[in-house]
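Here is a short briefing to read alongside the sequence and the 3D view. Have both open as you go.

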Amino acid sequence: MSVPKPVEDNATGGPLVVGFKPFEVPGQHLVHGNIFPLALKLVDEDPSVPLGDVIEKIKQLAKDGTIRHLLNKHGVLYFRGLPLKTREELSVFVEAFGFKNEHQEIGLSGIRSQVSKHIKTASELPGTVSMFFHNEYARTNHFPEIVFFYSERVPEQGGQTPLASSLELYDSVKAEFPELVDKLLELGVIGRQYYPSKDDPDAKAIGWNWQDSYGFDIKEGDSLEVQHEKVEKLLREEVKAEAEWQPNGSLHVVQRVPAIRKIKSSGLYSFFNTLSGVYGVAKRLGALEYPYKEKNGPGYKLPSSFGDGSPIPEKYLERIIEIQDSIGFLVPWKEGDIAVVNNYTVQHSRTKFVGERSVLVSLWDDIDDFDRTA
Ligand SMILES: [Fe+2]
């Protein structure tokens, strides 16, 4: 397959990326005239190059604005063949990009473990479960801008990380369902998430609970009332969400968010949400009907609605899943590969796998590239 050539420039007008050269990967394509994703390897392809040299190159590219420019333009920088061997070296590598802050995750509804400085496991869900496309934490108002994915161990089969451009997704959804896009732009969406209490016997099977996900300020001995107040304060101040306490002690987090956002640096629209995933998981678990309880599990999968509370017709959500699959790029992981993802313009998911797989992540905040006035 012949891959379209990216426009060869960078922020300083020099060659594409000093020290690196692009390579071709099946499935690459142009999005708004830019190759997606941009795959890079070291110019000399020397596996014995000292890591320090690579770190210096990255620092230089970060400093002269090239990294930022490429992330805005291509959405993903996919590196192969770097001399990264350990989790500690990965910590040093991600720091070299000089992004502003490590992102503090609030409201984790997955299972992640810290494995070294800035580095966590991506997901500890078993390989029998695939994931739907989403922008990281797009269900809330507190999301990272940059997500690093590092392939530590490649399974025998599957386990790729599909990536899809949210800009391309917006274009496709707009072309097919302009009325949906108008409604989403006008109303935004309301998402709801179920968090059991930590002492609920089902909390362990569900994998998360409201005390661990939102109770960072809870002290031993706090009354239930005080615990609720602390969680409500965090939700209000950090993620602009509301708490709905349930009779069984669980929490529904109610989050009003835009579903489509305008990118400041490009003026383009991004389909930035988790709508298809919320629907897809509920469908898979038999939880589409009220009270939205999983058929064979203890959790609840609460639906997202338009911002006026009206339901989002399933025909749209079904079709969005199909579009995402059709425009997705499968990252063909080799051990040591790294994908640096602009979360504002790129969605990710995960395919099923057989064997042992390890993908690590690192989440960062940098510039705020959403136009909050649009
Ligand atoms: Fe994710």
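Is His-134 buried or exposed? His-134 counts as buried, because its relative accessibility is 17% and buried means under 20% relative accessible area, exposed over 50% and partly exposed in between (1.4 Å probe, protein chains only). This is a predicted model, in which local features need pLDDT of at least 70 and side-chain atom pairs count only at pLDDT 80 or more, while totals for chains, interfaces and linings use all residues. Residues are numbered from 1 along each chain as its sequence is written, and side-chain values use heavy atoms, with hydrogens and water left out.

**The iron site**

- The iron ion has His-134 (NE2), Glu-136 (OE) and His-348 (NE2) as its protein donors, at 2.1 to 2.2 Å.
- Donors here are N, O and S atoms within 2.8 Å of the metal (3.2 Å for Na, K and Ca); water is not among the atoms, so sites may look incomplete.
- Along the sequence, the donor residues follow the spacing H-x1-E-x211-H.
- Distant parts of the chain are linked by the two histidines: His-134 belongs to strand β9 (residues 131-134) and His-348 to strand β21 (residues 346-350), 214 residues apart.
- Helices (H or I, at least four residues) and strands (E, at least two) are DSSP runs, numbered from the N terminus.
- His-348 also counts as buried, because its relative accessibility is 5%.

**Aromatic pairs**

- The structure holds 21 aromatic pairs.
- Rings of Phe, Tyr and Trp (its six-membered ring) pair if their centres lie within 6.5 Å; planes under 30 degrees apart count as stacked, over 60 as edge-to-face and the rest as tilted.
- Phe-143 and Phe-370 form an edge-to-face pair, because their planes are at 75°, with ring centres 5.7 Å apart.
- This pair joins distant parts of the chain, 227 residues apart: Phe-143 is in the loop between β9 and β10 (146-153), and Phe-370 in the segment after β23 (358-365).
- Phe-143 is buried at 8% relative accessible area, and Phe-370 is buried at 1%.
- Trp-210 and Trp-245 are also edge-to-face, with centres 4.9 Å apart and planes at 75°.
- Trp-210 lies in helix α7 (residues 210-214) and Trp-245 in strand β14 (residues 241-245), 35 residues apart.
- Trp-210 is buried at 0%, whereas Trp-245 is partly exposed at 24%.
- A cluster of linked ring pairs takes in Phe-20, Phe-79, Phe-93, Phe-97, Phe-99 and Phe-148.

**Charges over rings**

- The charged end of Lys-41 sits over the ring of Phe-23, 5.1 Å from its centre.
- Lys-183 has its charged end over the ring of Phe-306, 4.3 Å from the ring centre.
- A charge sits over a ring if NZ of Lys or CZ of Arg is within 6 Å of the ring centre and within 35 degrees of the ring normal.
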